[in-house]
Amino acid sequence: SFWGCFLSLGLVGGLIRCFLCFRQSDLKAFVAYSSVSHMGLSLRGAFSGRAVGLKGSVFILVTHGFASSCLFFILYVMYERFLSRRVVVLKGLIVVFPFLSFFWFVFLFSGMGVPPFFSFFSEVFISSGVLGTYFCSILLLGLFFFFSGVYTVFLFVSCFHGGGMGQGVRKISCCREYLTFFRS
């Protein structure tokens with residue numbers, strides 16, 4: 001059917017965006033590409049034609065709106081300190097910014113869809129909505145979820161672990177960032 005081809009094409013586009021995330025050296029572009037990938041998943045749930053897919057679509061929109069805005073704020077803080085958004089420059093930030101690296105980890109993985117987070121339920125709802133209508137897309141949906149998780153782990157490890165140019169900087173985050181996190 002027409003909608004089946006449309007959803008399969010959307011899943012292939014989501015896989016291509018996952019592979020584009022692996023090639024990003026700029027963190028802002030990475031967050032933007034992963035946002036496009038999540039919004040594509042939301043559209044697939046909305047166009048599944050089932051109520052459970054639409055519910056998952058709304059859940060992922062809410063989760064993504066919260067997680068991505070927090071990721072962009074943390075990215076702004078890192079840019080303010082190092083004047084760069086490049087992964088090579090920001091390697092090893094877990095030593096310099098343990099507080100911000102913890103929140104980067106939480107918000108990055110909340111968008112990934114692991115069980116304690118709200119996006120996990122949205123991905124389960126979207127999967128059941130899409131697979132209930134178009135079972136032939138199970139392989140593409142599984143590959144999309146797998147590569148989405150892999151690039152999220154890859155980003156966190158490549159940015160916050162290892163020795164990089166940010167190791168010599170010992171300027172810790174100031175009180176303004178802490179207040180912004182806890183005020184929201």
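L20 is partly exposed, at 33% relative accessible area (buried is under 20%, exposed is over 50%, and partly exposed is in between, with a 1.4 Å probe and protein chains only). L20 sits in helix α1, and helices here are DSSP runs of H or I with at least four residues, while strands are E runs of at least two, numbered from the N terminus. Bear in mind that this is a predicted model: local features need pLDDT of at least 70, side-chain atom pairs count only at pLDDT 80 or more, and totals for chains, interfaces and linings use all residues. Residues are numbered from 1 along each chain as its sequence is written, and side-chain values use heavy atoms, with hydrogens and water left out.

**Nonpolar patch**

- L20 teams up with V12, I16 and Y33 in a nonpolar surface patch of about 310 Å².
- To get into a patch, a residue needs over 30% relative accessible area and no salt bridge; nonpolar side chains (Val, Leu, Ile, Met, Phe, Trp, Tyr) are joined within 5 Å, and like charges within 9 Å.
- The areas are Shrake-Rupley values with a 1.4 Å probe, and for residues only the protein chains shown count as cover.
- Helix α1 (residues 2-22) gives the patch its largest share, 3 residues.

**Salt bridges**

- Expect 2 salt bridges in the structure, each being a side-chain nitrogen of Lys or Arg within 4 Å of a carboxyl oxygen of Asp or Glu.
- One of them pairs R85 with D26, and their closest N and O atoms are 3.1 Å apart.
- That pair ties together distant parts of the chain, 59 residues apart: R85 is in the loop between α3 (51-82) and α4 (93-96), and D26 is in the loop between α1 and α2 (27-46).
- R85 is partly exposed at 28% relative accessible area, whereas D26 is buried at 15%.
- R81 and E80 also meet through their side chains in a salt bridge, at 3.0 Å from N to O.
- Here R81 counts as buried, with 16% relative accessibility, while E80 is partly exposed at 27%.

**Cysteines**

- Searching the whole structure turns up 0 disulfides; the cut-off is a pair of cysteine sulfur atoms within 2.5 Å.
- For C18, the closest cysteine sulfur belongs to C21 and lies 6.3 Å away, so it is too far for a bond.
- C18 is buried, with 0% relative accessibility.
- C159 is likewise buried, at 0%.
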